[in-house]
Amino acid sequence: MSDTDVATPPATTGPAPKRPPGNLARAALLLLKGRTVVVLVILMILFGTMSGEYLSSSNLIVMTKHVAINAILAIGVTFVILTGGIDLSVGSIAGLASMICGGLLFSGLALPGEGTLFLSVGMVILAGVLVGCVVGWVNGVLVTRFKVAPFIATLGMLYVARGFAQLRSEGGTFPNLAGTPERGNTGFHIIGVDRWLGIPVAVWIMVLVAAAAIVVTTRTPFGRQVYAVGGNERAAELAGIRVNRIKVAVYAISGACAALAGLLLTSELGAAYPDTATTYELNAIAAAVLGGTALSGGRGTIVGTVLGAFVIGFLADGLVLVGVSTFWQSVVKGAVIVFAVITATAQQRLEASLAERAA
Amino acid sequence: MLTAEGVSKNYGGVHALRDVTFTAHRGKVNVLVGENGAGKSTLMKILCGAERPSSGTIRLEGEAVQIDSPRTAMAHGIGIIHQELSLFPNLSIAENLFAGRELRQRGFSDLQTQRGRSKEVLARLGQSHLDPDRLVGELPIGQQQLVEIARVLLEDVRILIMDEPTSALSNHEVDILFTVIGDLLADDVTIIYISHKLDEFRRIGDHVTVLRDGRLVAHERMDRTDTAWIVRQMVGRDPDSLFTRNRSETGETLLSVDGLTVAGPTRALVDDVSLQVRAGEVVGIYGLMGAGRTELMEALMGLRKTASGTVAVKGRVEPAGTVRARLAAGLALVPEDRQRDGLVQTMSVRDNIVLSTLNRLTRGGLFRRGAQRQTAQRKVDELAIKVGDLALAITSLSGGNQQKVVLARAMLTDPVVLLLDEPTRGVDVGAKSQIADLMAGLAQAGFGVLFISSELAEVMAIADRVLVMAAGRITAEFDADELTEEALVAASASKPAMEVEE
């Protein structure tokens, strides 16, 4: 292009002179931005002084393991919420994956001829995650092709997947998942019970999932497109983004994460029962929201979601440890979630006013 | 008599109105004209209480009044009929007419009386066959407009503001409306009538006031004016001084559209449109609102399904008709409504610029370090986008710079033909001429440029060739040197019936 087209305006692209915004406002913004960390630290100090055991390394490890399962669910759900959707079916998908894998380990796969096939533990886990992925894909197709509102589509799937989980065993439990050496399917306990370098394997898995999710959301075109779809679907469409494909993908990711979380839970318990992870979807959504993910889409981070899961987990276990009744636990948890959303709104308002002053 | 004295209104740094003194004569039809962005809507919003002036006073019968909400405007007897319908499609006609001021009887809605009075007012508008219990959403758009008008008639208005009231009405309905206006005038009601349609307001208006760039440029009795005078006042003397005209040689045909048709609910939104854009050429599409210009652009870009017709880029027909396919073929659209269709408001300036070309910035599936920033910075420099930090939220930019961000994204896709839908809408005069310069520069660089404009001065100053659309069809085509304002206005107002005869 010739240079005549932009020759008229002088180059004034340097940084605009900024009036320094109030230090108080900036400090407040910093506090709000880091609120999940702040709350987490406050919780640890609070419960640490109330119970000497709370901050012991063994308790911290146990609590982190509790966090791991919810964090993995929440990471998946975060992808969906970033596109402006919602996934209510993750608890049920976790339960379904649990029952399918439990069945494969306990009674094997009945072949059409005669005999029963027992898959290795690795294959069983893969199968479980794949099932979650497919169920999530169905959610995505309902939302995109059939234009069902995400809330309704995944609410329906919440019942359907839970129903299939119960059908798998006619409502019963698969009590023993240890496997036998003859069948070559021992070792399911590794992911939910064992430790590596003193840290539970489940926690390592959470770290891996979180790391992968961080890379995908921040450093790949797919991740950026997820944010764009949630930020402005029409603009994303016009920018040439395959909006429907992105949406289907996030539900599939959410389903896969849910299945993985369900398997960790099942391995930890050593048994698969159809009510595994009931209502866990709410904890997962709460963690994402606590971590600053906007339900309207386009805003949020994986790191925030993981921190949110830590707050919920450390709060719940702390309340148990200091002997608060389960009823009050529920009250506190609910209040914290609503408070988190209020502070998120405050942060956005403060950011806007600071940006206005800077402009 | 209603007077606005020395009224100014600023939005941020933009002067929407500067020291306007406007008088509406009592019991007359006071026509207010001006191009888009001249300040008509702002003045209306101030008069009906939707906005407050930055300075100036409003006088009613000589007495200064504070109109700080639509409610106080109503209390002063000022009613408004908006151009964009503000009806509840999910409620019945009667419920719409009484929305916000439901009649009550012992605490309950008095539906019977509401229905009765609705019937009366509908009859006055020649719509006695309409059942007040019908849902407004089920009505055709013209009748919806009449419901909107009926809503104001229920009030005891002394001053009635009508913002393009006929844009959705058929000729027959316009006649009814004008009869109603005559009745109102007989009742000593003052009418302020905003319209683009010259033939219409010349028929009904008593006084005409012309706004341009936020200033009042003329006020005259209608019978002392003619069409040419009004157009001259609207456009101003010398629009060419503001814009650079592209003067490059034209080359091969880049975009060729043949018989493109987009189906609509009642008639085709785009009706058998054929056009060509050559390399080095800036082609303007002029027309009134609802003429189908935006729909044509959207169809070209694959955002709308076409019923028939072909789109060829560089001689190759692009059959898929999806946004991605059209982007790949070399088309790129800068949409009319930046906020709704162009920008991702939650993202930074940088992320908005590179959004269409993310895959080029990766290595091994991951973004290359700094690649996004460098790419965005290059476009920011090239288009002179004023932004301190690329990581700033896109919403912190001014309208003109936001527009350039959308343009930057489109240009990154290496388009052959750029489609610009009202590229200067809502940007200030300085940014307007910069954007016009950019368009001329693109043409010189061998691109084809197809743009929509509702502003006569702009389209006349920038375009090498102008196509006029009305009712979904191209009704006229002019080269820059044979272009006159009157001819453009006449072609844009042609009725579908006339086209059939052609």
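**Where the two chains meet**

Reply: Across the interface of chain B and chain A, the rule picks out nine residue pairs in polar contact, both at pLDDT 80 or more. A polar contact is a pair of N or O atoms within 3.5 Å; within protein, one must be able to donate a hydrogen and the other to accept it, and residues adjacent in sequence count only if both atoms are side-chain atoms. This is a predicted model: local features need pLDDT of at least 70, side-chain atom pairs count only at pLDDT 80 or more, and totals for chains, interfaces and linings use all residues. Side-chain values use heavy atoms, without hydrogens and water.

Me: Why is the pair A:Arg224 and B:Asp351 called a salt bridge?

Reply: The term needs a side-chain nitrogen of Lys or Arg within 4 Å of a carboxyl oxygen of Asp or Glu. Here the closest N and O atoms are 3.2 Å apart, so the pair qualifies.

Me: How do you know which residues of chain B are in contact with chain A?

Reply: Contact means heavy atoms within 4.5 Å. By that rule, 48 residues of chain B touch 34 residues of chain A.

Me: What makes the area between chain B and chain A "buried"?

Reply: Buried area is the accessible area (1.4 Å probe) that two parts lose on being put together, summed over both. For these chains that comes to about 3300 Å², with carbon and sulfur atoms giving 59%. B:Arg324, B:Thr346 and B:Phe367 supply 18% of the area that chain B buries against chain A, more than any other three residues.

Methods:
Residues numbered from 1 in each chain as written. Chains lettered and ligands numbered in written order.
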